[in-house]
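The structure comes first, then the notes.

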Amino acid sequence: MAVHAKSLTNIRSAWPARRREAEALESASPMAERIGLDPTLERAIDARSSRLPGFYRRARAERSLAVARWAGLSADEAALLDGALTSARAEGMIENVVGTFGLPLGIATNFRINGRDVLVPMAVEEPSVVAAASFGALLARAGGGFTATSSEPVMIGQVQVLDLPDGDLAAAAGRLVAARDGILAVAHAQSTSLPRLGGGAKDLTVRQLPDTPVGPMLVVHLHYDTRDAMGANAVNTACEAIAPLVEAVSGGRVLLRILSNLSTERTARAECRVPADALARDGADGRVVARRIVEANALAVVDPWRAATHNKGVMNGVDPVVIATGNDWRAGEAGAHAYAARDGQYRALTTWRQDEHGDLLGTLELPLAVGTVGGGTQAHPAAATVLRILGVSGARELAEVAVSVGLAQNLSALRALVCEGIQDGHMTLHARQVALAAGATGDAVARVAEQIVAEGRIRVERARELVAGGGRASG
Ligand code: MEV
């Protein structure tokens, strides 16, 4: 199948940044009015398969067209993927705006999540992350892909209570629990839309903290279902609204009224099985590679120094999805790392083990508060298109995708680390950045990068020499 002249015209007019590429493709086409996508891409699009062999080798314009076709984007929607966040728009998002700051947006391929193929847009500056996610997804695909689940989207809001009468925490906690229904009613009444959708205040619990640096205190946890919103505003509003009643009932003084980013009630979990044969590499038996991955994970289970790096690799997958959908990635980071230390020691967020056949089984569980409505998902013009590409039904499915990408990323990193090492692939991609920094453009980027890798001299000075010499070796 081909992209017709009409859609090209749309893209040219609605997608100025793509215009030259579309024209270049058009003129390269033997038929003036049609662009042919690579037949393999055509077949994948028709089959709605995320397995897009050679996608990374296609010209950027062809990749963009393929994704637009795959996701059924209009030209206007597709146009929003490239630099649509203007300064004027940004002015409405934060304070003191002087410009905008872009990030590369790549598409991770090969993902199958709960039986559905997904193309995953990832906004990230680090080379090799998108490639690694795609590779991890390919390995998991050999075992059927990812199975992901998520809890109801229940956030926790905290209300801190100090100066309790006679310092009697238990008595004040008892009074608050007895007043639960009245407090929940006040919290619930703060939103009209969320209760209509089945969300709103769901529960209230009270924790006693007898031993803090300033003496005893209580913290009330308001469990609040935010449906498809990340929900920070709704939760904070509800916490502030119940504060006077909490003071009256407890007899104490309320200080903080704010959501917790350790959203232990709002978690997402992914698991996958990688057949050992899929892990075989350079003569190494796949069972041996699987065993090494289990051993590598074990270090991150017991050692915080390794766990931090291991979990950073997990978040290499999660964050770019959270960012590309306009969500708050600092919230995700804070929650993930606090969760990693929930038993008192900071540990790996993943588990990896081998089954009786030597196949590799992995899991990742995270607290993950992401939304598909409200906040940055609506403020950032690209986020809606990213959500369309993902094709998720709501916040829970988005969290399920993000946690699957985190597991894929970790799988790919561990496989590389226990085999050839991370630098092999990393340096090739890093070399492209060095070539760009040295002023290479167009085809010269790949040529210069290949050359400096082959020479083992991945340095800007050497790349500059090559750029000056037309991108070819000069000694
Ligand atoms: C680099 O961004 C991420 C890794 O360090 C993760 C890991 O070590 O597991 C490769």
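This is a predicted model: local features need pLDDT of at least 70, side-chain atom pairs count only at pLDDT 80 or more; totals for chains, interfaces and linings use all residues.

Residues are numbered from 1 along each chain as its sequence is written. Helices (H or I, at least four residues) and strands (E, at least two) are DSSP runs, numbered from the N terminus.

**The four-stranded sheet**

- Four strands form an open sheet in the order β7-β8-β6-β9, with antiparallel pairing; two strands pair if DSSP finds at least two bridges between them.
- β7 (200-209) and β9 (253-259) each have a single partner strand, so one side of each edge strand has no neighbour in the sheet.
- From one strand to the next, the twist averages 20 degrees. Axes are lines fitted to C-alpha atoms, for helices over the stretch in contact, and angles run from 0 to 180 degrees between N-to-C directions.
- β7 and β8 (residues 217-225) run antiparallel and are joined by 9 bridges. T205 stands opposite H221 in β8.
- Helix α9 (residues 180-188) packs on the sheet and touches β7 and β8. The direction of α9 makes about 125 degrees with that of β7. Contact means that the C-beta atoms of two residues, placed from the backbone, lie within 7 Å.
- Helix α11 (residues 232-250) lies across β6 (154-162), β7, β8 and β9. It runs at about 160 degrees to β9.

**Strands β10, β11 and β12**

- β10 (residues 267-274) runs antiparallel to β12 (residues 360-367), with 8 bridges between them. C272 has G362 in β12 as its bridge partner.
- β11 (residues 350-354) is also antiparallel to β12, through 5 bridges. Q354 stands opposite L360 in β12.
- β11 and β12 form a hairpin with 5 residues between them. G358 in the turn has a positive phi of about 90 degrees.

**Nonpolar cores**

- A nonpolar core is a set of buried Ala, Val, Leu, Ile, Met, Phe, Trp, Tyr and Cys residues joined through C-beta atoms within 7 Å. A residue is buried if 20 or more other C-beta atoms, placed from the backbone, lie within 10 Å of its own, exposed if 12 or fewer, and partly exposed in between.
- The largest core has 126 residues. V120, A402 and V403 have the most contacts inside it.
- Helix α18 (residues 395-418) gives the largest share of this core, 14 residues.
- Beyond four places in sequence, V403 touches A148, A268, R269, A270, V318, L364, L366 and L368.
- Another core, of 12 residues, lies apart from it and includes A440, V445, A449 and L466.

**Ligand shell**

- Around the ligand are E126, T309, H310, K312, G313, N316, A413, L417 and I422. The criterion is a C-beta atom, placed from the backbone, within 6 Å of the molecule.
- α14 (304-324) and α18 each supply at least two shell residues. The largest share, 5 residues, comes from α14.
- The shell divides into 3 nonpolar, 4 polar and 2 charged residues. Ala, Val, Leu, Ile, Met, Phe, Trp, Tyr, Cys and Pro count as nonpolar, Asp, Glu, Lys and Arg as charged, and the others, Gly among them, as polar.

**H380**

- H380 sits in the loop between α16 (376-379) and α17 (383-390).
- H380 counts as buried because it has 23 C-beta neighbours inside 10 Å.
- Leaving aside neighbours within four places in sequence, H380 is in contact with L85 and G326.
- H380 and R89 are 291 residues apart in sequence and 8.2 Å apart in space, C-alpha to C-alpha.
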